[in-house]
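Please open the model in your viewer and keep the sequence panel beside it. The stops below say what to select and what is to be found there.

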Amino acid sequence: MSNDWLSCSRCGKSYEVSVGQSSKRGILRWSASLVCRSCDEQQELDGVGLPPPELRSTIVAREGVRVLTVEPGADTISALRVLQEILYLSDDAVTSLARNLHGAVLAGTPYEIEWLLGVLRSRGISASSAAEGGSGESRAVDLAAIVPEDWADKWMPSSD
Ligand SMILES: [Zn+2]
């Protein structure tokens with residue numbers, strides 16, 4: 001996909017984009033509607049996993065970035081295991097997260113971080129979230145930079 005799918009397929013003007021995220025049975029999903037104000041052309045898109053970068057950036061522009069923090073008292077081995085399991089992280093990715101586990105670990109859209117929080121808490125791991133850019137420097141890794149490219153595909157075989 002290239003940037004030109006953010007331009008109207010009929011008249012070439014920029015689409016007005018709105019993107020939403022949701023989850024169903026633990027699977028993260030996104031949906032977007034693209035509307036051209038010049039000619040009323042409309043498109044609906046959706047998918048599993050993280051939205052494509054061009055669409056995800058419109059969420060970040062509107063809602064900002066949140067960061068996930070695993071609480072100091074939490075079982076760090078279990079926390080890493082859960083993150084690896086749900087995000088299908090490589091061993092290298094897990095190692096780099098482990099170095100920074102006591103602090104803001106992962107960054108994403110507000111919905112993505114709430115979704116991760118829900119998963120961690122359902123496994124008994126205490127974690128919290130905050131807006132990025134609060135006190136102190138953030139070494140949180142963007143979710144999009146750490147999940148494998150075929151992350152979403154790995155979910156599909158088990159869905160209905
Ligand atoms: Zn148009």
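How many bridges join β2 to β3? Select the two strands, and you will find that 7 bridges join β2 to β3, which run antiparallel; two strands count as paired if DSSP finds at least two bridges between them. Before going further, note that this is a predicted model, in which local features need pLDDT of at least 70 and side-chain atom pairs count only at pLDDT 80 or more, while totals for chains, interfaces and linings use all residues. Residues are numbered from 1 along each chain as its sequence is written.

**The whole chain**

Colouring by secondary structure shows 6 helices and 7 strands, where helices (H or I, at least four residues) and strands (E, at least two) are DSSP runs numbered from the N terminus. Read along the sequence, the pattern is β-β-β-α-β-α-α-β-α-β-β-α-α. Buried residues make up 25% of the 160 residues; a residue is buried if 20 or more other C-beta atoms lie within 10 Å of its own, exposed if 12 or fewer, and partly exposed in between, with C-beta atoms placed from the backbone.

Now select residues 16-24, 27-35 and 42-48, that is, β1, β2 and β3. These 3 strands form an open sheet in the order β1-β2-β3, with antiparallel pairing. β1 and β3 stand at the edges, each with a single partner strand, so one side of each is left without a neighbour in the sheet. The twist averages 15° from one strand to the next, the axes being lines fitted to C-alpha atoms (for helices over the stretch in contact) and the angles running from 0 to 180 degrees between N-to-C directions.

Between β1 and β2 there are 9 bridges, and if you pick Gln-21, its bridge partner in β2 is Trp-30. Helix α1 (residues 53-63) packs on the sheet, touching β1 and β2, and its direction makes about 90° with that of β1; two residues are in contact if their C-beta atoms, placed from the backbone, lie within 7 Å. On the other pairing, select Arg-29, whose bridge partner in β3 is Val-48.

The connections deserve a stop as well. Arg-25 is found in the loop between β1 and β2, has a phi near 45°, a positive value in a residue other than glycine, and counts as exposed, with 8 C-beta neighbours inside 10 Å. β2 and β3 form a hairpin with 6 residues between them, and Asp-40 in the turn has a positive phi of about 70°.

Not counting residues up to four places away in sequence, Trp-155 touches Ile-27 and Val-48. Trp-155 is partly exposed, with 18 other C-beta atoms within 10 Å.

**The nonpolar cores**

Finally, select Val-67, Leu-68, Val-105 and Leu-106, which touch the most other members among the 22 residues of the largest nonpolar core; such a core is a set of buried Ala, Val, Leu, Ile, Met, Phe, Trp, Tyr and Cys residues joined through C-beta atoms within 7 Å. β4 (66-70), α2 (76-87), β5 (104-108), α4 (110-122) and α5 (143-146) each supply at least two residues of this core. Leaving aside neighbours within four places in sequence, Val-105 is in contact with Leu-68, Thr-69, Val-70, Leu-97, Asn-100 and Ala-140. A second, separate core of 8 residues includes Tyr-15, Ala-32, Leu-55 and Ile-59.
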